[in-house]
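Please look through the sequence and the model below before reading on.

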Amino acid sequence: MVNFLIFGPPGSGKGTQSVKLAEKFNLKHLSTGDMLRAEIAAGTELGKKMSSIMSKGELVPDAVVIEMIANKIDSTKDVAGFLFDGFPRTVAQTEELEKMLNERGMKIDSMLVLDVDHDELVKRLILRADLSGRPDDKDPAVIENRIEVYRSKTEPIIDYCRERGIYQPVNGVGSIDEIFERLCEFMEEYF
Ligand code: AP5
């Protein structure tokens with residue numbers, strides 16, 4: 001199994017690229033944001049509890065997403081590996097993911113970080129707001145908070161992965177197809 005993190009600030013294109021990459025390389029795409037939104041849409045107790053945190057652009061508790069991911073890893077069969085999108089988001093989540101993978105004879109093979117400047121991120125998310133219906137896209141102050149939460153709580157994972165030799169920055173500006181080609185070039189080395 002080959003396991004990748006697709007990483008970057010809100011609006012950097014993680015979800016867009018993950019769908020294409022998962023199909024090309026037969027990877028299981030695991031997005032904690034999508035899983036949480038599915039809980040909200042289904043009206044579960046967990047969804048109700050998480051919805052106000054998400055609409056403010058704050059992170060939900062580590063334990064919630066760790067449990068979701070562990071369940072998915074154990075129930076997935078017949079794939080070449082995992083593509084983690086929007087997870088991990090804290091150093092604590094990263095340590096847990098490494099532990100979970102190691103216990104199952106796997107590791108994080110590479111962290112692909114989409115590099116996109118602040119103004120482009122905001123432009124993409126504001127453009128998406130009408131289509132997505134996501135409460136965290138509607139308010140520019142919440143978009144700014146999501147970016148700030150990324151800088152303060154999530155970006156430190158880059159140093160953690162750099163120390164392990166698995167950090168791979170990728171230019172995330174350009175057309176969706178151009179960025180896809182750049183990502184494929186790095187990922188192909190692992191197959
Ligand atoms: P999550 O769903 O992970 O959202 P996010 O990180 O804010 O990222 P987005 O989905 O907004 O952006 P993306 O990078 O995937 O870009 P996308 O491809 O969509 O998390 C949402 C919330 O859930 C968090 O704030 C938190 O509350 C909670 N949560 C989730 N995981 C958690 C965790 N592990 N721990 C704690 N809390 C967690 O693209 C964005 C837009 O740009 C789209 O409209 C797209 O069409 C467009 N676009 C993409 N590529 C390009 C391009 N090359 N050029 C122009 N436009 C483009």
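**From a helix to the sheet and the cores**

After helix α3 comes Gly57, whose phi is positive, near 85 degrees. This is a predicted model, in which local features need pLDDT of at least 70 and side-chain atom pairs count only at pLDDT 80 or more, while totals for chains, interfaces and linings use all residues. Residues are numbered from 1 along each chain as its sequence is written, and side-chain values use heavy atoms, with hydrogens and water left out.

Helix α3 itself covers residues 45-55, and its buried residues are Gly47, Met50 and Met54; buried means under 20% relative accessible area, exposed over 50%, and partly exposed in between, with a 1.4 Å probe and protein chains only. Seen down the axis of α3, these buried residues fall within an arc of 80 degrees, so they line one face of the helix (the arc is that of the directions from the helix axis to the C-beta atoms). Glu45, Lys48 and Lys49, on the other side of α3, are exposed. The buried residues of α3 pack against α2 (32-41), α4 (62-75) and α7 (135-138), where contact means heavy atoms within 4.5 Å. Helices (H or I, at least four residues) and strands (E, at least two) are DSSP runs, numbered from the N terminus.

How are the strands arranged, and in what order? The open sheet is formed by 5 strands in the order β2-β3-β1-β4-β5, and the pairing is parallel; two strands pair if DSSP finds at least two bridges between them. At the edges stand β2 and β5 (167-171), each with a single partner strand, so one side of each is left without a neighbour in the sheet. From one strand to the next, the twist averages 20 degrees.

Strand β3 (residues 81-85) has 5 of its 5 residues buried, so it is largely enclosed by the rest of the structure. Gly81, Leu83 and Asp85 point one way from β3, whereas Phe82 and Phe84 point the other way, and all are buried. With strand β1 (residues 4-7), β3 pairs in the parallel sense over 3 bridges, and Asp85 of β3 is the bridge partner of Ile6. Strand β2 (residues 27-31) is joined to β3 by 5 bridges and runs parallel with it; here Leu27 has Gly81 in β3 as its bridge partner, and Ser31 stands opposite Asp85.

Which residues have the most contacts inside the largest nonpolar core? This core has 31 residues, and those with the most contacts inside it are Leu36, Ile69, Ile73, Phe84, Leu97 and Met111; a nonpolar core is a set of buried Ala, Val, Leu, Ile, Met, Phe, Trp, Tyr and Cys residues joined through side-chain atoms within 4.5 Å. The largest share of this core, 7 residues, comes from α4. Apart from it lies another core, of 16 residues, among them Val170, Ile179, Phe180 and Met187. In soluble globular proteins, nonpolar side chains tend to be buried together.

Leu183 has its place in helix α10 (residues 176-188) and is buried, with a relative accessible area of 0%. Not counting residues up to four places away in sequence, Leu183 touches Ile6, Gln17, Leu21, Leu112, Leu114 and Val170. Although Leu183 and Leu21 are 162 residues apart in sequence, they are 8.3 Å apart in space, C-alpha to C-alpha.

Key. Axes fitted to C-alpha atoms, helices over the stretch in contact; angles between N-to-C directions.
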